[in-house]
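Reader: I want to learn how to read a metal site from coordinates. Where do I start?

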Amino acid sequence: MSMMAVDYDGLIPNNVGLGQDVRVKRALEKWHPGYIGWWMDMGPEGFQNALVYLRTAIGVDPKGWAKFDYVRMPEYRWGILLAPPREERKIPFGTHKGEAAWQEVPGEYRAMLRRLVVIQGDTEPASVEQQRHLGKTAPSLYDMRNLFQVNVEEGRHLWAMVYLLQKYFGADGRDEAEALLERRSGDPDTPRMLGAFNEKTPDWLSFFMFTYFTDRDGKMQLEALAQSGFDPLSRTCRFMLTEEAHHMFVGETGVTRVVQRTCEAMKEAGITDPYEIDKIRKLGVIDLPTIQKKANLHFSLTLDLFGNEISTNAANAFHAGLKGRYREDRLKDDHQLESGSYPVLRFMDGVIKNDDAPALSALNMRLRDDYVADCQVGVDRWNKVIAEFGIPFEIKLPHVAFHRHIGEFSRTNADVNGKILAPAEWTHKRTDFLPSEADKDYIESLMKPQMEKGKFASWIAPPKVGIDNKSGDFEYVKIHDA
Ligand SMILES: [Fe+2]
Ligand SMILES: [Fe+2]
């Protein structure tokens, strides 16, 4: 068996030679029942017996790594899959740049590396917990299947991080692996580690915004970790990125379909003013200004995940060669950043302005800038749909200072254009920018399940193409055959 062939015979499918690694195999088998217990408690509520048309990774080569079939989610084959090794890979950045990539944890960086793995690992089960109620209000079987696909893959990403902990971090790693199953999204006593992963995902528009904006943060973090000089982490993240792409696809096309349905309904009803909200809501669709508010909320919560603009932790992780920049390998500079600067947007003397900071300290800011640019691409596609209907409305990413809880702007109240508001003014205008209780109630009123094959809820258009090229009336989830 070649190193990259996937072993499907054991309890845990893998391409890491688990069969020959008795210590790690036992540790993972010991962890497995706890994981299944967590999945049954915190995974998709009400559908654990349904047959879901899911893709499972059966190989890691670029072509055909996914196999589609009906699976009950608790029986999904969560595997440990690393992208193929790159021959003679070198550490691509930091003070060890040019040395052979590490195949074992470098002792001096052990704690820092473990922390990076744990933080990434903690986000994976968190989103499953946040989304566990959504199956019950799915707008179609197609969407329900996509939700569950995202959920099982986040479960696999947890496995990926737990493998690294069990294999490379000894007793500490085992403790961290247990703790990943114990924290709970939104729990006041044992919350998940990062803010956005403790928020609620109360409805399907939130789910699409989350997969568009927050899974994209996941992409940026994975891209940065895929550059790591610690080769097992790099290879793990490279393979996770192939799955992550689908999550963002679900978000981008989900919002596109909501926007499209709204525009269609407005056109049929002869409404051209996107702010005739009451009339538009009578059509059973979500008005564009409310979609904008949801985007404002999820974008701003996600920006907080990038941490402080100026960060010693980020500088240390880069210097050590553990976490790089977005697509480090495509950047043209010395990859060490001991000199040089980067413009950081700051709140100084009551105004928002750029201030040059040492490039090494500004890595979070830089990754966030790359993220914002990446976000804009899908937003442009949403706007293209609106423009095709001739409706005078454009969805905009809010200013990065808007509604922040971490970093430079957490001390201010900026509006979506970056204008600083007095506290009273912010309170007064808050629901101009963020969903109000009435907006939330309206969206909730639309969340009626549509579980007939080929049918879609009133507020969302069907997709252009089916998953795995299936036809429009394909039964993506067999709920009752179970
Ligand atoms: Fe993930
Ligand atoms: Fe994801």
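Author: We go through the metal site step by step. The model is predicted.

Reader: Which protein donors does the iron ion (ligand 1) have?

Author: Glu124 (OE), Glu154 (OE) and His157 (ND1) are its protein donors, at 2.0 to 2.2 Å. Along the chain, the donors of this iron ion (ligand 1) follow E-x29-E-x2-H.

Reader: Which residue bridges the iron ion (ligand 1) and the iron ion (ligand 2)?

Author: Glutamate 154 does, and the ions lie 3.5 Å apart.

Reader: How do I judge the geometry?

Author: Start from the ideal: four tetrahedral donors give angles of 109.5 degrees. Now the case here.

Reader: Where do glutamate 154 and histidine 157 lie?

Author: Both lie in helix 3 (residues 141-168), three residues apart, about one turn of the helix. Glutamate 244 and histidine 247 are also three residues apart, in helix 6 (residues 231-269).

Reader: Are glutamate 154 and histidine 157 buried or exposed?

Author: The cut-off for buried is under 20% relative accessible area. Glutamate 154 has 3%, so it counts as buried. Histidine 157 is buried at 0%. Glutamate 244 and histidine 247 are both buried.

Technical notes. Residues numbered from 1 in each chain as written. Chains lettered and ligands numbered in written order. Predicted model: local features only at pLDDT ≥ 70, side-chain atom pairs only at ≥ 80, totals over all residues. Heavy atoms only, no water. Donors = N, O, S within 2.8 Å, 3.2 Å for Na, K, Ca; no water. Helix = DSSP H or I, 4+ residues; strand = E, 2+ residues; numbered from the N terminus. Buried < 20%, exposed > 50% of the residue type's maximum accessible area, 1.4 Å probe, protein only.
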